[in-house]
Amino acid sequence: MSREQTGIKKELIIKNIFRVKEIGIMIPTILLIIIVQMVNPLFLTKLNVLSILRSSGYMLIPALGMTLILISGGLDLSVGSVYGLGGVVTAYFLTNGVPIFPSVLLGLLSGMACGILNGVVIVKLKIPPIMMTLGMYYMARGLVYVITQGTPIFPLPEAFKAIEQQNMILGIPTAVVCAMILAAVFFIIMRYTVYGRKIYAIGGNIETARVAGINIDAIMISLYAIIGTLSALDGVLMSSRLGSGQPSAGTGYELQVIAAVVIGGTSTYGGKGTLAGTVIGVIFMNILSSSMTIMKISAYWQNFVIGAALVVAVIIDQIKRSKTAED
Amino acid sequence: MQEKEIVLSVNHICKSFYDNQVLENVSIALKKGEILAILGENGAGKSTLMKIVSGIYPAGSYTGTIEVQGKEKTFRNPRDAQNAGIAMIYQEINLELDLTVAENIFVGHIPKTPRGMVDWKRMKKEAEAVLKTLGIELDVTMLVRNLSASIQQLICIARSLILNPHVLILDEPTAALTESETKFLVDILRKLQGEGISCIYISHKLEEVFHISDRVVVLRDGTCISEYSGPEYDSEQIVEDIIGRKMEKMYPSVPKTIGEEVLRVEDFTVPHPYNKKVNIVDHVSFSVRAGEVLGLAGLVGAGRSETLRAVYGIMKKKAGCIFLDGKELAMPRGKTASGYGISLLNEDRKRDGYVKSMNVRQNLTLSYLDKLKKGPFIDKKKEKELAEKYFKMLHIKAPSLDAGILSLSGGNQQKVLLGKCIITNPRVLLLDEPTRGVDVGAKSEIYRVIADLAAGGMSIVIVSSELPELYALCDRFVVLSNGRVSGELEKEEASQVKIMNLSCKQTTGRNREEIRG
């Protein structure tokens, strides 16, 4: 084989690597890990890695739902409030003597109900998602305060607290296991099912989807129901970890989740995005904050850096869009 | 008339998009106080010419010169053209619905007080004055949203009058207006003419054009074909000039037999999306038989696309029923007819044709997904096989099935979309402008597919603004004018001239009854 040919081959391999959609976020993530590890070898210790994994697991659960919503061209601002509601509802029933399983179920149902209400109003009354879910952001948080009367709900049963405080599956926290299983399920849904394909179609061109006879309303409502349930699940896990139902839990969480999903390459214009990207985006966000802590950079700078990362991600998306010549 | 000075002249204008020549050596002169109509089919170059004259296509993007009152001018943007006294009024009413009449009239030229604040008093007074010259008295502090379409159209004119233009360009100004509203507009143009303002008037409605214009110029394929002076016109000659082209040898003839009636549409009525008082489709009925290709002829704005969209169920209708094989379809609201063996190819690929973020394969199988189910999963093998079959059958030129739809040429994109429609093996195929923006090669391939499908027994309804194409492809014609059926022609009795004449016929309720009876 001539040198020229091997050169072409190498070029092809490099091109193919860059064709993997998630590469854009993977490279900075790996670079970040290497740099931080060089500055402070404590970074990749078991304890710190576990802590990053755990916070990533928590963020990933609603981020999965958010990815689907953004791909479909929608938006959900009520994630943090519904997260709070799920945790508080479960805690409320637990302290009133309801067994663990039904309490958790009721917590999840409260989230699903919020999601369905979001979806139905958005779809049937044609209210912009940003307005309806902003309304839900206040309504769900309001319900949290009504239920808690502004004070944490505790004590919670030991068996419930054990879910996130003690139980480990193969040494991995429950929340992380949950997130991994859910990520796999949603990965399969988006990649291999008719339902997933329809979500991409709706976000890519809703008019075309309508002409193709896709039941847009039902799919959109189901997506809001999914993200509501996932947010509540996250809140339930967190109340187990904290051992109480906190009225302020999850405040501002939705924006972190959206940022992570967008950094992971999902387009805010709909139609594009992958769950693999979201997983890396979430891990990137959590590594970023952990690394700044470990490098003793003031916590105040963290928001600044995350914001900058978000802006860069959106700029990259925009450049990609203009390159594919969409006018 | 001859001695009157020339206010505007365009000389030897040529313009092309990529390698497609749209205007070729066009020269037109407009005299003071004259109403000049420019006629031509879609794609003849009328709008392109007007966009050059009004500065939307900047100097340098075309060759040739523009002279205003004898002086050569270069327009880098619409503002330059406005300053030179040329005002353009667009087809779509582009007002800010939630601003007042006065603000809309002065938008972009809001008068200011010496301190730099908005001079509301002056604005109000001048707005009232300019409306008065149009013969309307109106509270200029009203919101535009609450006004009728014709008044809104007049506000567009008023907006251009405050710039004291010498030339007013109107592009299809009556598209959304009723007959009496049109008359009012015509009166106003006459009044402006009396004040020495010249008009360039673009309209598809021939009778209206003959009624109003002093002179007519016919454009075809980017060149000036002929010129006629009024007030008497030979309408048949003009129609022939507009159509022109000889039959091209791109239309295949496939032997076929026409069978029983498959689809019957009765009394479809659809309200105009912008002006609820007007019905854009008004009691339209037609039927198609198995293996038959029906042409839904008519001008732009006659309600052809809207008829197809309403039948398919993506546009709300006021009234009307669909019969499939003689049985009435009870289509639930918000559902499309795709579940009943009816497919629709939309006219605008970008708006509701392809999904731009998807590849060729995903676009092809989009409307067939539910049939590709294996449990909840997509049967990828079946999907690939099916996509490949249509990819080959339609001769789609693309690197692979996984190529993004945007990387294809317009013609190949259109073939993908046609494939999407027929992959479901429908009984009735509704095609809205199936060859718009498509190169000649892809066109003839699309014609062949249409002929083959009809020979296979499919019922096909075509809407096309290219009359020669429609005439060659169809077995029968239903002609629409102003949302109503103005006539029905079998192939043997039809000619392009007859179709055009019916298209331009101003239907009234009375002659609609005659046609039906």
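A residue counts as buried here if 20 or more other C-beta atoms lie within 10 Å of its own, exposed if 12 or fewer, and partly exposed in between, with C-beta atoms placed from the backbone. This is a predicted model, where local features need pLDDT of at least 70 and side-chain atom pairs count only at pLDDT 80 or more, while totals for chains, interfaces and linings use all residues. Residues are numbered from 1 along each chain as its sequence is written, and chains are lettered from A and ligands numbered from 1 in the order in which they are written.

Let's start with helix 5 of chain B. Helices (H or I, at least four residues) and strands (E, at least two) are DSSP runs, numbered from the N terminus. Ten of the 13 residues of helix 5 of chain B are buried, among them B:Leu154, B:Ile155, B:Cys156 and B:Ile157. The cover includes strand 6 (86-89), helix 3 (101-106), helix 4 (120-133), strand 7 (167-171) and helix 6 (179-194) of chain B.

Next, a sheet. Chain B has an open sheet of six strands in the order 16-19-20-13-21-22, with mixed pairing; two strands pair if DSSP finds at least two bridges between them. Strand 16 (342-345) and strand 22 (484-490) of chain B sit at the edges with a single partner strand each, so one side of each has no neighbour in the sheet. Strand 16 of chain B runs parallel to strand 19 (residues 428-432) of chain B, joined by four bridges, and B:Leu344 stands opposite B:Leu430.

Axes are lines fitted to C-alpha atoms, for helices over the stretch in contact, and angles run from 0 to 180 degrees between N-to-C directions. Two residues are in contact if their C-beta atoms, placed from the backbone, lie within 7 Å.

| Helix of chain B | Strand of chain B | Angle |
|---|---|---|
| Helix 9 (residues 304-312) | Strand 19 | about 145 degrees |
| Helix 16 (residues 496-504) | Strand 21 | about 30 degrees |

Over in chain A, the axes of helix 3 (residues 46-71) and helix 11 (residues 216-242) of chain A come within 9 Å and cross at roughly 175 degrees. Helix 3 of chain A and helix 11 of chain A are therefore roughly antiparallel; angles under 35 degrees count as roughly parallel, over 145 as roughly antiparallel, 65 to 115 as roughly perpendicular and the rest as oblique. Contact residues include A:Tyr58 and A:Ile61 of helix 3 of chain A, and A:Leu223 and A:Ile226 of helix 11 of chain A.

Finally, the two chains meet: 25 residues from chain B and 21 residues from chain A take part in the contact.
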